[in-house]
Amino acid sequence: HQGALEDCDAALQTEEHNPKAHYRRAQALEGLGKLDMALAAARRAKQLAGDDETVGALCQKIQASIDDKKDKERKERRAREGEELARKAREREEEKRRRADDVDELD
């Protein structure tokens with residue numbers, strides 16, 4: 001993907017308004033996992049290509065990948081937060097038990 005990206009960048013140096021080069025650049029960036037940059041390139045291709053269904057489909061695909069990634073990150077963050085809350089609750093319970101044991105020892 002990196003080689004394809006470099007080829008597209010070189011083509012765009014000489015022909016900035018080439019929708020196919022922007023499209024291929026978007027595909028290369030998507031393959032490299034650079035989704036925000038890929039979406040920008042796909043949108044530029046769409047702007048230049050007009051109502052090309054293939055370009056529109058690529059924009060939708062990349063946007064869906066971005067949305068999926070954000071959802072996954074959100075779920076992972078919530079899971080970590082839930083684990084942290086559970087850990088703190090266990091620590092509070094353990095502290096209560098220690099205090100109760102300390103009180104029992106005093107009696």
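At what angle do H3 and H4 pack, and how far apart are their axes? In this predicted model, H3 and H4 pack at an angle of about 160°, with 9 Å between their axes. Because angles over 145 degrees count as roughly antiparallel, that arrangement makes H3 roughly antiparallel to H4.

**Helix H4**
- Helix H4 runs over residues 53–106, a stretch of 54 residues, and spans 79 Å from its first C-alpha to its last, which is close to the 80 Å expected at 1.5 Å a residue.
- At the start of H4, the backbone nitrogen of Thr 54 has a side-chain oxygen of Asp 52 within 2.8 Å.
- The buried residues in H4 include Val 55, Gly 56 and Leu 58, together with Cys 59, Ile 62 and Ile 66.
- Among the elements that cover these buried residues of H4 are H2 and helix H3, the latter formed by residues 35–49.

**H3 against H4**
- The crossing in which H3 passes H4 is left-handed.

**H2 against H4**
- H2 and H4 pack at an angle of about 25°, and their axes lie 11 Å apart.
- Since angles under 35 degrees count as roughly parallel, H2 and H4 are therefore roughly parallel to each other.
- H2, too, passes H4 in a left-handed crossing.
- From H2, Tyr 23, Ala 26, Gln 27 and Glu 30 meet a set of H4 residues made up of Thr 54, Val 55, Leu 58, Lys 61, Ile 62 and Ser 65.

- With a relative accessible area of 17%, Asn 18 is buried, because buried means under 20% relative accessible area.
- A polar atom of the Asn 18 side chain lies 3.0 Å from the backbone nitrogen of Lys 20.
- Leaving aside residues up to four places away in sequence, Asn 18 touches Leu 12 and Leu 48.

How values were computed: Residues are numbered from 1 along each chain as its sequence is written. This is a predicted model: local features need pLDDT of at least 70, side-chain atom pairs count only at pLDDT 80 or more; totals for chains, interfaces and linings use all residues. Side-chain values use heavy atoms; hydrogens and water are left out. Buried means under 20% relative accessible area, exposed over 50%, partly exposed in between (1.4 Å probe, protein chains only). A polar contact is a pair of N or O atoms within 3.5 Å; within protein, one must be able to donate a hydrogen and the other to accept it, and residues adjacent in sequence count only if both atoms are side-chain atoms. Contact means heavy atoms within 4.5 Å. Helices (H or I, at least four residues) and strands (E, at least two) are DSSP runs, numbered from the N terminus. The expected span of a helix is 1.5 Å times one less than its number of residues. Axes are lines fitted to C-alpha atoms, for helices over the stretch in contact, and angles run from 0 to 180 degrees between N-to-C directions. Angles under 35 degrees count as roughly parallel, over 145 as roughly antiparallel, 65 to 115 as roughly perpendicular and the rest as oblique. A crossing is left-handed if the near helix is turned anticlockwise from the far one by less than a right angle, and right-handed if clockwise.
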